[in-house]
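Me: Hi, I'd like to go through this one with you. Could you take my questions as they come?

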Amino acid sequence: MTPLILALLAGAVAGVSLGALGAGGSILTVPALVYLLGFTPAAATTASLVVVVVMSATALVAHARAGNVRWRAGLLFAAAGLLPAAGAGALSARVPAAVLTLLFAAVAALAGLHMLRRRTPRGSGTVSGARAVGTGAGLGAVTGFLGVGGGFLAVPALVTVLAVPMSAAVGTSLLVVGANALVALAGRAYTAVHLDLALLLPFLAAAVLGAWDGRRLAAKVPAGTLRRVFGAVLLAVAVAMGATAVL
C-alpha cells in the first residue's frame, strides 16, 4: 500500500473518531504519522497540531451555528492554557524521541481508559477560579507538548470545573483545544522540524471529510459501542508505542 493511500486511510479514521465522539482524532494522528508514514516523533507531534487547528476550527463552526458553544467559559479556559501551550510546544522538539513516545503512550492509555468508561461527568455546581486556571494550564501544556487536542480531557474538565452543560461541552472544548494548538504550533515555528506536506495535506483533507462522516455514523451506531471500539484501539496503540520505545 502506497504512503498516499495510507495517509488518506489514517486521516479518515482520525476524522471519524473526532466527528463521532468529539475526541480521539488527534491522539490517533501521532501514531499514524510515526508508524504508517515515517514521521519522527517530533515531526508527528508538530504535524498533529496542524491537524488539530484545522479540524477544531471546522467543527467549531458547525457547533457554533447550533448554539453549542459557551464562548465565555471556553475563552477563560483557553486563556489559562496559552502560555503553557507555547512553552511546552517549544520544549517538545528538544526532548528525546523515546521519552516523547513513552509520554504519548501514557496519554493514549489514559484516553483509551476514559473512552471505555460509561459514566458521564457531572457538573460540580460551583466554579472555582483557581481550579479553572490550573486545569486550563495543565490542558494547554499537554496539548503543546504532545501535539494532542485533548478533547478527552477538555470535555470532562469543562463539565466538572466550569459547570458547562454536557450538551455544550464538546463544542466549547473545540474552542479550547484549537486555541491551545494554534499557540503551541507558533511556539514550534523556529524549531528545525521537517513536515512532509505531500503526505500531511492528504491526511488532513481525509480527516476533515471523515469528521463529517463521523457525525452521520454517531447517529446510526450507539455512542457506547463507538466509545468502546475507539477506546480499545487507543489502548492497543498505547501498548504498541510503549513497547517500541522501551525496546
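Me: Which residues have the most contacts inside the largest nonpolar core?
Reply: Ile27, Leu33, Leu37, Phe39, Phe104 and Phe203 have the most contacts inside that core, which has 40 residues. A nonpolar core here is a set of buried Ala, Val, Leu, Ile, Met, Phe, Trp, Tyr and Cys residues joined through side-chain atoms within 4.5 Å. Seven helices each supply at least two residues of this core: H1 (3–21), H2 (25–35), H3 (41–65), H5 (97–116), H6 (129–146), H9 (197–220) and H10 (223–246).

Me: And what lies apart from it?
Reply: Another core, of 13 residues, with Phe77, Ala154, Leu158 and Ala168 among them.

Me: Before we go on, what sort of model is this, and what are its ground rules?
Reply: It is a predicted model, in which local features need pLDDT of at least 70 and side-chain atom pairs count only at pLDDT 80 or more, while totals for chains, interfaces and linings use all residues. Residues are numbered from 1 along each chain as its sequence is written, and side-chain values use heavy atoms, with hydrogens and water left out.

Me: Thanks! How many helices and strands does the protein have?
Reply: The protein has 10 helices and zero strands. Both are DSSP runs numbered from the N terminus: helices are H or I with at least four residues, strands are E with at least two.

Me: What percentage of the residues is buried?
Reply: Buried residues make up 48% of the 247 in the protein. Buried means under 20% relative accessible area, exposed means over 50%, and partly exposed is in between (1.4 Å probe, protein chains only).

Me: Back to Ile27. Is that one buried or exposed?
Reply: Ile27 counts as buried because its relative accessibility is 1%. Ile27 is in helix H2, and its C-alpha is 9.6 Å from that of Ala105, 78 residues apart in sequence.

Me: Where is Leu37?
Reply: Leu37 is in the loop between H2 and H3. Leu37 has 11% relative accessibility, so it counts as buried.

Me: And what does Leu37 touch?
Reply: Leaving out residues up to four places away in sequence, Leu37 touches Pro3, Leu6, Ala7, Ala32, Leu199 and Phe203. Contact means heavy atoms within 4.5 Å.

Me: Across the protein, what share of the contacts joins residues at least 24 apart?
Reply: That share is 85%, taken among contacts between residues at least 6 apart in sequence.

Me: New topic, H3. What length does H3 reach?
Reply: H3 has 25 residues and reaches 36 Å from its first C-alpha to its last, close to the 36 Å expected at 1.5 Å a residue. The expected span is 1.5 Å times one less than the number of residues in the helix. Just after H3, Gly67 takes a positive phi of about 75 degrees.

Me: Which residues does Ser56 touch?
Reply: Ser56, which is in helix H3, touches Leu174, Val177 and Gly178, again not counting residues up to four places away in sequence. Ser56 is buried because its relative accessible area is 5%.

Me: Why does Trp212 count as partly exposed?
Reply: Trp212 counts as partly exposed because its relative accessibility is 40%. Trp212 is found in helix H9, and its C-alpha is 9.2 Å from that of Leu18, 194 residues apart in sequence.
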